[in-house]
Amino acid sequence: MSSAPQRTPSVFPVAGLPDRVDVYEVGARDGLQAEEALVPTTEKIAFVRALRASGLPMVEATSFVSPRWVPQLADAAEVMAALDDRDRHPVLVPNMRGLERACAAGARAIAVFVSATETFSRRNLAMGREAALDAAREVVGAARAEGLVVRGYVSMCFGDPWEGPVDVAAVSGVSQALVDAGCGQVSLGDTIGVGTVGHVRELIDAHARAGIGTDLLAMHFHDTYGQALANVHASLQAGVTCFDASAAGIGGCPFAGSATGNLATEDLLWMLHGLGIETGVDLDAVLAAGARMTGLLGRPAPSRVAQALG
Ligand SMILES: CC(C)(COP(=O)([O-])OP(=O)([O-])OC[C@H]1O[C@@H](n2cnc3c(N)ncnc32)[C@H](O)[C@@H]1OP(=O)([O-])[O-])[C@@H](O)C(=O)NCCC(=O)NCCSC(=O)C[C@@](C)(O)CC(=O)[O-]
C-alpha cells in the first residue's frame, strides 16, 4: 500500500468558537501588489474567478492606487470589467481619484486604508496619519452616497518597522474614526507579522472598550514570524468571525520591507475545517487556483498545506 498525504483535516470541534467564519480573500490584491513578476491581466481575471467559484464570499480584485506606486495593479479597470457580482469583489481605493476610477470601472465595494502609525502612513500614502484619515473620510462619504459597500483597513496595528510596538488605544482610535466615517467593517492589519496571541486579545479588548464589537472586525495577519494561525485562534476565542487570507500565501507589502506574505488561505481553511467551523469554501479549488498562480510567479507557495498536498 503506498502512502498519500491526508487531504482533509480530521474534525474536532472546540466549544466556545464560532460555528461559521467568512474568509476574505486578498491574494489578487495584497498578494499580487507585492510580487515582482507582472502577471498577465487574463491570468488575474482567471485567478479571481476561480477563487470566487471556490466559495469564498469576498474576493478582493485589485487596487485603484497610483500605477506609478503599484505598477503590478495598473490594469485594475480591465480586471474589474471582466468580473460579475461586483459587490463580492472589493477594490482598494486611496483617494478621490481612485474612487472615481473604481466607480467608472463598475466597482460596488471598496476598501480605504490608513496606518495606525505616522511613518508608515507617509511611506504608503505620501501623507501623515491625520491627513490620510481626512482623505479616507471623504472617500467613504462619497462611496456610501453611491451605495457602495465600504471596508476600512488599519495597517501596522501591532508593530511598525520604523516606530516599534504600536499602542492598542492608538489603533482603536483609528478604527473608531473609520467606523464613524461609515465603514461597515474594519480590518486590523498585522502588516509585518509581529503580533502574538496576548497582543491580539488586548487589541480586540481595546476595540470593545471603544464600542467596536467583533461583529465589526476582521483580522488580517501576515505570517512573517509564524504566528498567524495562533493569532487567528486567539481571535476566534474572542469572537471574531472574519479573517483575511491570501491564496498560496503570496504577497506582502511593497512599502514595508519586513512584511512577508499574508496568512495562506489554504492553511486558514485547514484549521477552520479541522475545528468544524463552516466556511462554504472548497479547499481543493483554492489549492488549484493558488498552484496556478505560484506557477506563473515562478516560485513555491508559502502555504504549508499547499506544500503538503502539492
Ligand atoms: C495616495 C497616492 C496616490 C499619493 O501619491 P502622490 O504621488 O502623493 O500622488 P499625487 O496626489 O501627488 O498625484 C501624483 C500623480 O498620481 C496620480 N494619482 C493620484 N492618485 C491616483 C489614483 N488613485 N489612481 C491613479 N492615479 C492617481 C495623479 O493624478 C498624479 O498624476 P500626474 O498628474 O502626475 O500624471 C499614492 O501614495 C498611492 O497610490 N499609494 C498607495 C500605495 C499602496 O497601494 N500601498 C499598498 C496598500 S496595502 C496596505 O496598505 C496594507 C493592507 C491594506 O494590505 C493591510 C495590511 O497588511 O496592513
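How far is an oxygen atom of the ligand from an N or O atom in the side chain of Arg68? The distance to Arg68 is 2.6 Å, and the table lists this polar contact (a pair of N or O atoms within 3.5 Å) with two others.

| Side chain | Ligand atom | Distance |
|---|---|---|
| Asp30 | oxygen | 3.2 Å |
| Arg68 | oxygen | 2.6 Å |
| Asn95 | nitrogen | 2.8 Å |

On its own the ligand has 1,100 Å² of accessible area, of which the protein covers 73% (Shrake-Rupley method, 1.4 Å probe).

The model is predicted, with pLDDT of at least 70 needed for local features and 80 or more for side-chain atom pairs, while totals for chains, interfaces and linings use all residues. Residues are numbered from 1 along each chain as its sequence is written, and side-chain values use heavy atoms, without hydrogens and water.

The shell around the ligand holds 27 residues, each with a heavy atom within 4 Å of the ligand. Arg68, Asn95, Arg101, Asn124 and Thr191 come nearest. By class, the shell has twelve nonpolar, ten polar and five charged residues; Asp, Glu, Lys and Arg count as charged, Ala, Val, Leu, Ile, Met, Phe, Trp, Tyr, Cys and Pro as nonpolar, and the others, Gly among them, as polar. At least two shell residues come from each of helix 1 (27-33), helix 4 (96-104), helix 5 (118-125) and strand 6 (149-155). Helices (H or I, at least four residues) and strands (E, at least two) are DSSP runs, numbered from the N terminus.

Gly159 belongs to strand 7 (residues 159-160). Gly159 has a relative accessible area of 4% and is therefore buried (under 20%, 1.4 Å probe, protein chains only).

Notes: Polar contact = N/O pair within 3.5 Å; in protein donor to acceptor, adjacent residues only side chain to side chain. Buried < 20%, exposed > 50% of the residue type's maximum accessible area, 1.4 Å probe, protein only.
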